[in-house]
Amino acid sequence: MNKSPIILGIETSCDETAVSIIQDNESGIPKILSNIVSSQFDIHKEFGGVVPELAARSHVEKINLIAKKALDESGITLDKVSAIAATSGPGLIICLSVGLNFAKSLSSSLKVPFIGVNHLEGHALSPKLHTNISYPYLLLLISGGHSQFLSVNGLGSYTRLGTTIDDALGEAFDKTAKLLGIEFPGGPKLEKFAEKGDPNKFKLPKPIINKGGCNLSFAGLKTAILRLTKTIKTDQEKYDLAASFQKTIEEILYIKSKTAFDEFSKTNSIKDKTFVVAGGVAANKGIRKKLIEVSDENNFLSIFPDIKLCGDNAAMIALVGLEKYKIKKFDNIDLSASPRLALDKNAKFLKGSGLIY
Ligand SMILES: Nc1ncnc2c1ncn2[C@@H]1O[C@H](COP(=O)(O)OP(=O)(O)OP(=O)(O)O)[C@@H](O)[C@H]1O
Ligand SMILES: [Mg+2]
């Protein structure tokens, strides 16, 4: 086995075509040799959401080009690559299949291992691309499709402590943004709107805030915002509503993180406790500030991925590929795409369950 393995990672689970090449390093933090992400915002924005057929077609058109660009930028040739890793789920099946098939063909022709990666594990481990973190740690995954607190016990070993019972947080940001007339995906622009508004102007609900442990719920917020958007007229009122939404989310995450700290501490008696916040919404500066505050108050060390590693990228997929390569956890070429793939396979499906406790 190569002493400093080089992994080529591929991500095509939704609307980003991404390829990255990383190399293992003695420091424990791999070197990112290239990390190319091509987003499809312009293709989907007129539809207000991702159109699966258009997304898959764009992946097919671009994957070769993006892989070539990643290779050129990394300065390495294909014969130096130790393994090919690609997202196998969760995501849109026709999009996942493009990256998976590309990865399988490449690994067969190069005669190197093929490794399927859970996209969510990519997010979960993403800060390890720049920080040494030891297991176990508490994770808050806040992305476009997921919102969960998990105990990360090791590679492939997760215990879910809490999850959203309805919308994911990224989804709540995007839906609120849409109601305020911001084009898809609205999360990042909603944050900019919020900076210009009065966070105390509107009082919004905090669903299941005092019950349900560290489970989360955001659907009620969207309904309240829908009602309010019918009454507001000026741009300033829009900024005020965005700011009130941002503040409410920060407060919900503050309170629920405290509950998650307690849950995590019940089963993990380690002295130095780490709280990793990952996924697209972890790029939100106000949320970062609030979660640093709650971590400091409760003696957890908070760690966030670099902003450019919060959203979907292939460096995080290559990273999981590298960890699996080191323990020779390879996949067969018949591995199929899994549109639903959980981190904690034993956790109950709670979506739509209403109030659970
Ligand atoms: N600064 C920000 N503030 C709030 N939300 C943000 C910000 N930046 C990105 N987002 C949101 O993050 C989400 C995208 O994150 P990500 O790419 O991790 O999700 P995904 O891959 O679509 O879903 P998943 O990873 O759950 O399958 C979008 O909903 C987007 O609006
Ligand atoms: Mg994602």
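I10 stands opposite A86 in strand 4, strands and helices being DSSP runs (E, at least two residues, for strands; H or I, at least four, for helices) numbered from the N terminus. The model is predicted: local features need pLDDT of at least 70, side-chain atom pairs count only at pLDDT 80 or more, and totals for chains, interfaces and linings use all residues. Residues are numbered from 1 along each chain as its sequence is written, while chains are lettered from A and ligands numbered from 1 in the order in which they are written.

Strand 1 (residues 6–11) and strand 4 (residues 83–89) run parallel and are joined by 4 bridges. An open sheet of 5 strands is arranged in the order 3-2-1-4-5, with mixed pairing; two strands pair if DSSP finds at least two bridges between them. Strand 3 (31–39) and strand 5 (114–118) each have a single partner strand and stand at the edges, so one side of each is left without a neighbour in the sheet. On average, and with direction ignored, neighbouring strands of this sheet are turned by 20 degrees against each other. Helix 2 (residues 52–74) packs on the sheet, where it touches strand 2 (16–23) and strand 3, and its direction makes about 25 degrees with that of strand 2. Axes are lines fitted to C-alpha atoms, for helices over the stretch in contact, and angles run from 0 to 180 degrees between N-to-C directions. Helix 10 (residues 315–326) lies across strand 1, strand 2, strand 3, strand 4 and strand 5 and runs at about 135 degrees to strand 1.

A further open sheet of 5 strands has the order 8-7-6-9-10, again with mixed pairing. Its edge strands, strand 8 (157–163) and strand 10 (300–303), each pair on one side only. Strand 6 (residues 137–142) and strand 7 (residues 147–154) run antiparallel and are joined by 6 bridges; F149 in strand 7 is the bridge partner of L140. Helix 8 (residues 235–267) lies across strand 6, strand 7, strand 8 and strand 10, at about 140 degrees to strand 8.

Helix 5 and helix 7 (residues 219–229) pack at an angle of about 10 degrees, their axes 10 Å apart. The two helices, helix 5 and helix 7, are therefore roughly parallel to each other, a term for angles under 35 degrees. A172, K175, T176 and L179 of helix 5 meet L221, K222, I225, L226 and T229 of helix 7, contact requiring C-beta atoms, placed from the backbone, within 7 Å.

The domain assignment, automatic or from a database, gives domain 1 (6–128 + 309–326) and domain 2 (134–304). Their centres, taken over C-alpha atoms, are separated by 27 Å, and 12 residues of domain 1 are in contact with 17 residues of domain 2. Helix 4 supplies the largest share of the side of domain 1 that touches domain 2, namely 3 residues.

Both domain 1 and domain 2 give residues to the shell around ligand 1, so the ligand lies between them. Of the 21 residues around ligand 1, G144, G145, G170, G187 and G280 come nearest; a residue is near a molecule if its C-beta atom, placed from the backbone, lies within 6 Å of it. Helix 4 (119–125), helix 5 (169–179) and helix 6 (187–195) are the elements that give two or more residues to this shell.

Definitions and conventions:
Angles under 35 degrees count as roughly parallel, over 145 as roughly antiparallel, 65 to 115 as roughly perpendicular and the rest as oblique. Two residues are in contact if their C-beta atoms, placed from the backbone, lie within 7 Å.
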